[in-house]
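Please have a look at it first.

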Amino acid sequence: MFGGLGYDGNGATSTTGFLSDLWRFDINTLNWTFISSETTVNTNLMDQYAVYGFGNTPDAENHPGGRQQTAYFMDSNEVMWMFGGDGYASSGARGYLRDMWKYDPNGVAQWEPSNYHAPGPSSQFVDQPGTYASGTQSDLIPGARAAMTFGIDSTNKLWMYGGIGMTSTANAASCRDLWYYDTTTNLWHLEAGDDQQDIASSFGTQGVTYPATTHFPGSRDRAAMFIHPNANIIYIFGANFKIYGNTI
């Protein structure tokens, strides 16, 4: 378990804030283990800045900043991945994030900033727009966001839909883009949707399949995603904002 909005070691004597601590719970022994945080002062874990170090390189000094509403995954190799959220980057005020992090608990057990590309350093700041069209695959990246819908498939692709945040501009609104992140190449791929925001759902006839360009889920955040392990099918249910009811 990583971060979230809550209390640090000072408990009710402080206000809530964005946490950056990593914990492990053993289901067999029912015991918690405190794994890491950005600060060595274990009682003060709120609103900490990220330490990015050198891209795509694990290091003991690296650490994500405090955040909530991030996308998180564990792949079949037991490697943990985390993208974006609402919180703190390397400096400045709180905002929407677009950084990808990797943590291998069975390897070096150190945080690694992943997907560093031109302009990679911009991911060290909040409220950064994404790149949706480029002549180079390595330039594609979603805009900073939080409360996105997410899941992982059987080939260790990290899927993400919508959320609240940025697309190709610095305007924060509800998104409707479907991306996947390839953990073998560390590259993003835009599979459906676009950089439009606050778009209503286009339903068509219930049960009929349409091209993704004409009928699609509307902009949304906080939805539920289910990925079929064998059939290459993604289900999305409900959410907040422009869906007009509970849909699947």
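Predicted model: local features only at pLDDT ≥ 70, side-chain atom pairs only at ≥ 80, totals over all residues.

Residues are numbered from 1 along each chain as its sequence is written, and side-chain values use heavy atoms, with hydrogens and water left out.

Let me start with the cores, by which I mean sets of buried Ala, Val, Leu, Ile, Met, Phe, Trp, Tyr and Cys residues joined through side-chain atoms within 4.5 Å; buried is under 20% relative accessible area, exposed is over 50%, and partly exposed is in between, with a 1.4 Å probe and protein chains only. The largest nonpolar core has 15 residues, and Trp81, Phe83, Met100 and Trp188 have the most contacts inside it. At least two residues of this core come from each of strand 5, strand 6, strand 11 (157-165) and strand 12, strands being DSSP runs of E, at least two residues long, numbered from the N terminus. Another core, of eleven residues, lies apart from it and includes Ala50, Tyr52, Trp101 and Val126.

Turning to charge, how many salt bridges does the structure hold? There are five, each being a side-chain nitrogen of Lys or Arg within 4 Å of a carboxyl oxygen of Asp or Glu. One of them joins aspartate 177 to arginine 145, with the closest N and O atoms 2.8 Å apart, and this pair links distant parts of the chain, since aspartate 177 sits in strand 12 (residues 173-182) and arginine 145 in strand 9 (residues 145-146), 32 residues apart. Aspartate 177 is buried at 0% relative accessible area, and arginine 145 is likewise buried, at 0%. In another, arginine 94 meets aspartate 86 at 2.7 Å between the closest N and O atoms; here arginine 94 is partly exposed at 46%, whereas aspartate 86 is buried at 7%.

Finally, the lining of the second largest pocket divides into 15 nonpolar residues, one polar and one charged, where Ala, Val, Leu, Ile, Met, Phe, Trp, Tyr, Cys and Pro count as nonpolar, Asp, Glu, Lys and Arg as charged, and the others, Gly among them, as polar. Strand 2 (17-26), strand 5 (71-74) and strand 6 (80-87) each supply at least two residues of that lining.

Key:
Helix = DSSP H or I, 4+ residues; strand = E, 2+ residues; numbered from the N terminus.
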